[in-house]
Amino acid sequence: MKPYIAPSVLSADFANLERDVLMLNQSEADYIHVDIMDGVFVPNISFGIPVTEAIARHATKPLDVHLMIVNPEKYIEAFQKAGAAIISVHYEACTHLHRTIQQIHAAGCKAGVAINPHTPVQLLEDVIEDIDLVCMMSVNPGFGGQKFIENTYKKVKQLKEIITDSGSRALIEIDGGVNGENARPLLDAGADVLVAGNYVFKSADPIYTIAELKRV
Ligand code: DX5
Ligand code: ZN
């Protein structure tokens, strides 16, 4: 099966966001990955609701919104209204994760849970049947263009087993440092969705690079 590709607009040219979103519309991208950073949960600030709305206004692909923020439950409805199709919250940022997952579904979005590189996949066992996606961080969240953490392969295999055993239909999304070299081994380990920021946007021909990732 071909992977789903989710280019991250974190690496887009923010002064030419419309141009870059229109480029993604023309490409084989399946989702547009939108990284929201609050400067508290992660040591960086990206952009928020108005920019997400602006992306949605031009996008023809579903927005996959990754909330790297504390208290994400306060902003679920706002991001749904801004145009999110999928909303992922961090395991590490949710005291009442099960409730927040229900809240995302009640808002009409698909629900994802993101986990940091140090968070064991086994901690998702009791919610795996309730979610649509696991966003597995393969770098420490906060910045684009970081080096892929090799321990991710092991975690993908373990998570795949948990998903298969539970009968969950959750997709495994890999986020951080994805490139033309690690894409194939990640898919072989069980990944379904590849996020790519730098690798797509810093390439000479992003449309070609997306097509290439789709066929690794
Ligand atoms: C990292 C973000 C990622 C990032 C991926 O905090 O969640 O989505 O933009 O970018 P690359 O592919 O450049 O690592
Ligand atoms: Zn992300």
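**Legends: overall fold, helix pair and ligand shell**

**View 1. The whole chain.** With 216 residues, a compact globule would have a radius of gyration near 17 Å, and the protein agrees at 16 Å (taken over C-alpha atoms; the globule rule is 2.2 Å times the number of residues to the power 0.38). The model is predicted: local features need pLDDT of at least 70 and side-chain atom pairs count only at pLDDT 80 or more, while totals for chains, interfaces and linings use all residues. Residues are numbered from 1 along each chain as its sequence is written, and chains are lettered from A and ligands numbered from 1 in the order in which they are written. The C-alpha trace spans about 40 × 35 × 30 Å along its principal axes. The protein has eight helices and eight strands (DSSP runs numbered from the N terminus: H or I, at least four residues, for helices; E, at least two, for strands).

**View 2. Ligand 1 and its shell.** Ligand 1 is surrounded by 22 residues, the closest being L10, P141, G144, G197 and N198 (C-beta atom, placed from the backbone, within 6 Å of the ligand). Elements giving two or more residues to this shell are β2 (32–37), β8 (193–196) and α7 (198–201). By class, the shell holds eight nonpolar, 12 polar and two charged residues (Ala, Val, Leu, Ile, Met, Phe, Trp, Tyr, Cys and Pro count as nonpolar; Asp, Glu, Lys and Arg as charged; the others, Gly among them, as polar).

**View 3. The contact of α1 with α2.** L17, E18, V21 and L22 in α1 meet A54, I55 and H58 in α2 (C-beta atoms, placed from the backbone, within 7 Å). This contact has five nonpolar, one polar and one charged residues.

Definitions and conventions: Contact = placed C-beta atoms within 7 Å.
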